[in-house]
Amino acid sequence: MRSTSFLIILSVTVVQAIAAAEAPRPLGVGPEFAKFYKGLETFTCISAPSIHLPIARLNDDFCDCPDGSDEPGTSACAHLSPLSPAFLGSTPADDLDTTSALPGFYCKNKGHQPSYVPFTVVNDGVCDYESCCDGSDEWAKVGGVKCEDRCKEIGKEWKKQDEQRQKSLSNAAKRRKEIVADAEKLRKEVADRIQSLQTEIQGGEMKVKALESDLAETERRERSKVVKSPKGLSKMGLLAQLAKDRIEELRESLVEVRRQRDTGKARMVELEGILSTFKEEYNPNFNDEGVKRAVRSWEDYAAREKSPIGDDAHDRDLDEIAKPEGETGAINWSEWEEPEESDVDVLYKFEAYLPAPVRDWLDQKLRDLRVILVENGILAATHSSDGESKELQDARNALKAAQDSLNDNNRQLTTHQEDLEKDYGIDDVFRALKGQCVSRDSGEYIYELCWLDKTKQKSKKGGSQTIMGNFVSIDKIMVDDEVPPDGKGLGSGERVALKYENGQHCWNGPNRSTLVVLACAEKDEVWKITEEEKCVYRMEVGTPAVCGVSDRKEERPKDEL
Ligand code: MAN
């Protein structure tokens, strides 16, 4: 519907006035679109070049062009969706029936920043100073509304704030540089460690090889030894050992029997004394038959020849026999128990007369022969009953220690190599922050974010910490938020986001998880925590780590290796 002739006249007047001052841009046209409005007599719709209009139809408050390009200074085409800022100055490829060729009404805002305001606010009777500080969007003074130009003061205030913002941004950028430098240092340390580990591993592998052949050689030598009896005793030594044990047993029995004999002997002397006294002192006049018989028996016993029980000479002999080992006269068993000289020892004695090279050659040949004989079951393998020799045990232990150290180095190498491959964000920046934590008191809880590690929650009423997620990956998400005056907000656009998942299980719910969305700030600070669904959290966090990165592509630092 056409509007009143008043508006047409007014708009033409305004167009002419503006054209006179700043030819040839009609009202509401931004510099990017000036090229489309240069014709002096006709205007061609920007997205529909077949439609030509007389100049008078520009800003006549009637939407003639399907893309609204004939009404840059009125709200006549406000029903069309505005052009995305991405297409500024070019012809939009979108649906021409519904999309405007223009991003909005252009406010010059002299003394401040020029801006586009939506066509819907043009001449709506409200001063939109926030976006159009010069009040040019209310040129028709609808309902008597007059919006004075406030750009000077608003611009001044904005400049002040902008200076603060720029200062803060430059501080943040400086801080980021430091963090990146730290990250580089850490990366270099890992790369250096990888190099030294590789060298250590090379050495370790050689050592293991050498120790393996040492062990094989020791085992071979072990196999080539002669069969020996326990403790390395010869047959004679073994016999001496048995004889010694047996004699010791007999000696101990002899000592015991002698003790018992001496006790019996003492008792017999005592009894004979009693009977002798009895015979001397009994009264024969009593005619006691029993007593008389006993006296006769005693006399018969006393008249019999006495066999000597242990005379002194015999006792001396027994003393000599019963002497324990080590005393004079006892057998010196150690003489007989000495290990027998082995055939190899004998061989060595013989070899001592040979020149060294011949001796070595002969020695090796004999050993080889012995091993062949052992391996073919012709000679018995040598395994002492005491287990392995110390030499063999040492060789085995040395090999094991070298293998353990090599395995440990290989494990460390894999860990470090994987670490270098891990995504630590643009410029590896989070490598320097990993493990550092930042917390915030919010509502009932103290929340904590530990970079690339965990997110946690602890009730202020006490109790233990709850893990709200374990770090999984670095991502990007789009956000569209207003930045509060203190600047602590995400704003709009692409933001770095850290995903933390698989935290503690939520009763009647999922395992806890947190999405940490980051925006540039001078220092690390958790701005806001929300529990979007039960046990699904979102943290908004400021950090210098992401300053100036939203428009940068992921670049991996070059591998130093
Ligand atoms: C705890 C906290 C809350 C969560 C409930 C779910 O109280 O982890 O954030 O909503 O558990 O039971």
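Predicted model: local features only at pLDDT ≥ 70, side-chain atom pairs only at ≥ 80, totals over all residues.
**Ground rules.** I number residues from 1 along each chain as its sequence is written, and side-chain values use heavy atoms, with hydrogens and water left out.

**Entry 1: the whole chain.** I looked up the secondary structure and found 10 helices and 12 strands in the protein chain. Helices (H or I, at least four residues) and strands (E, at least two) are DSSP runs, numbered from the N terminus. Of the 561 residues, 33% count as buried. I use buried for under 20% relative accessible area, exposed for over 50% and partly exposed for in between, with a 1.4 Å probe and protein chains only. The chain exposes about 34,400 Å², and carbon and sulfur atoms supply 54% of that area. Areas come from the Shrake-Rupley method with a 1.4 Å probe; for residues, only the protein chains shown count as cover. I also checked contacts (heavy atoms within 4.5 Å). Among contacts with a separation of 6 or more, 52% are between residues 24 or more positions apart.

**Entry 2: the ligand.** Which residues surround the ligand? I list Y445, Q457, C506, R512, E531, K534, C535 and Y537; a residue is near a molecule if one of its heavy atoms lies within 4 Å of it. I then looked for polar contacts, meaning pairs of N or O atoms within 3.5 Å; within protein, one must be able to donate a hydrogen and the other to accept it, and residues adjacent in sequence count only if both atoms are side-chain atoms. A ligand oxygen lies 2.9 Å from a side-chain N or O atom of Y445. For Q457 the corresponding distance from an oxygen atom of the ligand is 2.7 Å, and for E531 it is 2.6 Å. Taken alone, the ligand exposes 310 Å², of which the protein buries 68%.

**Entry 3: salt bridges.** I took a salt bridge as a side-chain nitrogen of Lys or Arg within 4 Å of a carboxyl oxygen of Asp or Glu. By this rule I count 30 salt bridges.

- E299 pairs with K279, with the closest N and O atoms 3.6 Å apart. E299 is in helix α4 (residues 289–303) and K279 in helix α3 (residues 235–281), so the pair ties together parts 20 residues apart in sequence. E299 is partly exposed at 36% relative accessibility, and K279 is partly exposed at 30%.
- R411 pairs with D408 at 3.9 Å between the closest N and O atoms. Both lie in helix α9 (residues 390–421), three residues apart, about one turn of the helix. R411 is exposed at 52%, whereas D408 is partly exposed at 33%.
- D428 and R431 meet at 2.7 Å, N to O. D428 is buried at 1% relative accessibility, and R431 is buried at 7%.
- R258, R261, D262, D315 and D319 are linked in a network of salt bridges.

**Entry 4: D137.** Where is D137 found? I place D137 in the loop between β4 (115–117) and α2 (151–223). D137 is buried but has no salt bridge, and the nearest side chain of opposite charge, K141, is 11 Å away. For charge, Lys and Arg count as positive and Asp and Glu as negative; His and the chain ends are not counted. Leaving aside neighbours within four places in sequence, I find D137 in contact with F105, V117, V121, V122, N123, V126, D128 and C132.
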